[in-house]
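Colleague: I'm new to this structure and would like a close look at one part of it. Could you pick a helix, walk me through its surroundings, and then show me a few other spots?

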Amino acid sequence: MGLVRKQAPEPEAPQVLDTDELVRRLDDPDPELRREAALELTGIPAAVPELLARVGLETEPRVRDAVLTTLAAHDSEAVAAGLAVHLASDEAGLRTAVAEALATMPGSVPALLPSLLAAPDHDVRVMTAMVLADLPHPEAKSWLVRMIAEDPHPNVVTAAIDALLPAASAEHRPVLEAAVLRFPDDPFLAFTVRAALPRLTGTA
């Protein structure tokens, strides 16, 4: 008698959840289900308000990163504005995660820059420099130069210098030296500029 090969069971098809169920799962006690739901909501504009509301509530960094990844993919002014409010958060991890997300949104962040660069809270302006450091936009360096030349707070100017230096060249020497003269009592700012100048001018 010939042996009959037992057929392997068919793998179960993945469960397809509708938008309402995925949104409900953003509040699930299981962080992995929340993370998966956030990622599966990619490309669904109707879910944007719920995802934005989740940014300030989510305590698991990996889930928050998934929410921010899905939101950043929209790259709309509404999403950018909804994220930018968290640049003033007291939670350093949230501020940094939001800045990293905004830095991937070159289509919408430029419209926010006038208000971000004029924010009364200088910490928001520091975070804006962080966004500009990685924003793939042709005007990013120009905005950083403007911050270095015009911002009245030394911490903001130092952050803008740090953001500019990886892409800086000899043409930026005057604005960097002027920043040192504007803040003669800030030794860290002066050290940062003087350490970078030899590389920029080819005398390192």
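Modeller: Let's start with helix 10, whose buried residues are Val-156, Val-157, Thr-158, Ala-159, Ala-160, Ile-161, Ala-163 and Leu-164. Buried here means under 20% relative accessible area, exposed means over 50%, and partly exposed is in between, with a 1.4 Å probe and protein chains only. Helices are DSSP runs of H or I with at least four residues, numbered from the N terminus.

Before going on, some ground rules: this is a predicted model, where local features need pLDDT of at least 70 and side-chain atom pairs count only at pLDDT 80 or more, while totals for chains, interfaces and linings use all residues. Residues are numbered from 1 along each chain as its sequence is written, and side-chain values use heavy atoms, with hydrogens and water left out.

Back to helix 10: it runs over residues 154-164 and is mostly covered, with eight of its 11 residues buried. What do those buried residues pack against? Their partners are helix 8 (122-134), helix 9, helix 11 (173-182) and helix 12 (187-201). Contact, by the way, means heavy atoms within 4.5 Å.

If you skip residues up to four places away in sequence, Val-145 touches Leu-164, His-172 and Val-175. As for Val-175, 30 residues separate it from Val-145 in sequence, yet their C-alpha atoms are 7.2 Å apart in space. Val-145 itself counts as partly exposed because its relative accessibility is 23%.

Now for the other spots. Ser-89 sits in the loop between helix 5 and helix 6, and it counts as buried because its relative accessibility is 17%. Leaving out residues up to four places away in sequence, Ser-89 touches Leu-94 and Arg-95. A polar atom of the Ser-89 side chain also lies 2.9 Å from the backbone nitrogen of Glu-91.

Helix 6 itself spans residues 92-102 and includes Glu-100. With 47% relative accessibility, Glu-100 counts as partly exposed. Leu-113 is 13 residues from Glu-100 along the chain, and their C-alpha atoms are separated by 15 Å.

Last stop: Asp-75, in the loop between helix 4 (61-72) and helix 5 (77-84). Its phi is near 45°, a positive value in a residue other than glycine. At 24% relative accessibility, Asp-75 is partly exposed.

Note on methods. Helix = DSSP H or I, 4+ residues; strand = E, 2+ residues; numbered from the N terminus. Polar contact = N/O pair within 3.5 Å; in protein donor to acceptor, adjacent residues only side chain to side chain.
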